[in-house]
Amino acid sequence: MFRKFTQEEISSQNQVKASVQRKIRQSIAEEYPDLEANLEDLIPKKVPLIVAKCQNHINLVVVNNVPLFFNIRDGPYMPTLRLLHQYPSIMKKFQVDRGAIKFVLAGANIMCPGLTSPGGSLDDEVLAEAPVAIMAEGKEHALAIGFTKMPAKDIRSINKGIGVDNMHYLNDGLWKTVHLD
Amino acid sequence: MAEKLQPLKVLYCSVCSLPAEYCEFGPDFEKCKPWLLKNAPGLYPDLVSEAEKAAEQLQGVNISGEKGDTSKRQGSAANFQPDEEVKKLPGGKVKKKEKPEIIIEKVIRNKRKCVTMIKGLDLFGIKLSEASKKFGKKFASGASVVKGPTEKEQIDVQGDLMLDIVDFITETWENVPESAIFFIEDGRKVPAVG
Ligand SMILES: [Zn+2]
């Protein structure tokens with residue numbers, strides 16, 4: 001999704017109204033309750049919140065020129081990897097085996113067998129169409145943000161095809177966009 | 001509302017920008033190697049031994065016996081291998097005079113949320129980042145290495161795990177005796193077992 005993303009793809013950047021800012025904060029707090037107490041620091045009420053609209057209906061939530069969250073249309077907000085690395089406990093986690101790392105980092109979606117093999121792991125509570133942190137065997141930090149195509153239980157039982165869409169991964173365009181100019 | 005989370009600081013490679021542990025999958029691992037040797041040798045032990053071998057051949061001197069050199073290298077390593085450090089101390093002696101202890105304390109946050117804090121694993125040569133991962137996986141919950149109030153790093157695991165955690169620790173790390181594990185209950189330190 002952000003494979004070749006650059007700032008040129010941003011079609012508009014708008015400071016949102018206070019009521020919209022409140023709504024965005026609220027939906028982020030609902031999606032990531034453990035982060036609620038940090039939201040005043042991350043998205044201070046007094047600092048303008050910018051929503052940058054990009055191609056393919058992607059929106060970026062930007063504070064002080066730093067992209068913090070993204071979503072598609074009205075879908076759930078997902079943290080950027082740089083933000084998730086700071087607060088790793090806020091998301092449910094799946095783990096891919098070592099063999100899958102290079103494919104994920106090339107932007108491939110996550111295949112079920114990479115999650116069900118001995119090096120992988122699944123959080124059975126995760127349902128379909130949910131944001132999830134993609135971890136990797138032998139690594140401490142997340143390498144991608146995923147959006148599940150099916151519940152974890154089905155990934156386990158069906159065990160073939162794409163289980164999780166790869167939304168954002170290390171070294172993609174969004175990763176490289178540390179600051180918006 | 002939940003308690004504020006402490007932001008974790010991740011070591012990013014200044015060459016390829018990825019977390020240092022992912023340099024090996026980055027665009028050009030070779031270019032990252034000098035930086036990694038200096039800043040994250042613990043993550044790539046093979047790289048360190050490779051470099052040592054190269055240095056030995058280059059100088060024609062055996063540097064492994066020089067104590068000063070070893071300690072300097074370990075000092076600069078953000079992520080040194082604690083296992084080795086422990087082995088190096090003869091007779092199970094640990095630098096500190098006191099016996100190493102692991103302290104487990106449950107902190108209740110806003111009545112229902114609960115965090116179990118584990119301190120002292122590092123005293124047994126356990127790498128906290130790895131331990132944190134194991135806790136997270138075992139208890140299917142958020143676990144992270146955080147700087148405690150006394151500036152020593154500790155692991156926080158979400159949830160009340162007081163009962164399961166002792167077994168898990170002693171089974172996972174055989175060098176930790178049950179007798180070294182303590183709970184903090186009502187502000188008092190009590191042995192976890194017995
Ligand atoms: Zn690198």
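Guide: Happy to. Between chain B and chain A the count is three salt bridges, a salt bridge being a side-chain nitrogen of Lys or Arg within 4 Å of a carboxyl oxygen of Asp or Glu. Helix 5 of chain B (residues 128–138) gives the largest share of the side of chain B that touches chain A, namely three residues; helices (H or I, at least four residues) and strands (E, at least two) are DSSP runs, numbered from the N terminus. That side of chain B splits into 13 nonpolar, five polar and seven charged residues. Here Ala, Val, Leu, Ile, Met, Phe, Trp, Tyr, Cys and Pro count as nonpolar, Asp, Glu, Lys and Arg as charged, and the others, Gly among them, as polar.

A word on ground rules: this is a predicted model, where local features need pLDDT of at least 70 and side-chain atom pairs count only at pLDDT 80 or more, while totals for chains, interfaces and linings use all residues. Residues are numbered from 1 along each chain as its sequence is written, chains are lettered from A and ligands numbered from 1 in the order in which they are written, and side-chain values use heavy atoms, with hydrogens and water left out.

Now the interface as a whole. On the chain B side 25 residues are in contact with 30 residues of chain A, contact meaning heavy atoms within 4.5 Å. About 2600 Å² is buried between the two chains, with carbon and sulfur atoms giving 56% of that; buried area is the accessible area (1.4 Å probe) that two parts lose on being put together, summed over both. L5(B), Y22(B) and F25(B) supply 24% of what chain B buries against chain A, more than any other three residues.

Back to the charged pairs. K4(B) forms a salt bridge with D41(A), their closest N and O atoms lying 2.9 Å apart. Another one joins K139(A) to E24(B), at 2.4 Å between the closest N and O atoms. This pair crosses between chains: K139(A) sits in the loop between strand 8 (131–136) and strand 9 (144–148) of chain A, and E24(B) in the segment before helix 1 (29–39) of chain B. K139(A) counts as buried at 6% relative accessibility, whereas E24(B), at 26%, counts as partly exposed. Buried means under 20% relative accessible area, exposed over 50%, and partly exposed in between (1.4 Å probe, protein chains only).

Over all chains the structure holds eleven salt bridges. Inside chain A, E40(A) and R25(A) meet in one of them, 2.8 Å from N to O. E40(A) lies in helix 2 (residues 39–42) and R25(A) in helix 1 (residues 18–31), so the pair ties together parts of chain A that are 15 residues apart in sequence. E40(A) is partly exposed, with a relative accessible area of 35%, but R25(A) is buried at 15%.

Chain B has a pair of its own: E105(B) and K119(B), with closest N and O atoms 4.0 Å apart. It links strand 1 (residues 102–109), which holds E105(B), to strand 2 (residues 113–119), which holds K119(B), the two residues being 14 apart. E105(B) is partly exposed at 24%, and K119(B) is partly exposed at 27%. As for networks, salt bridges that share partners join R25(A), E40(A) and K45(A) into one.
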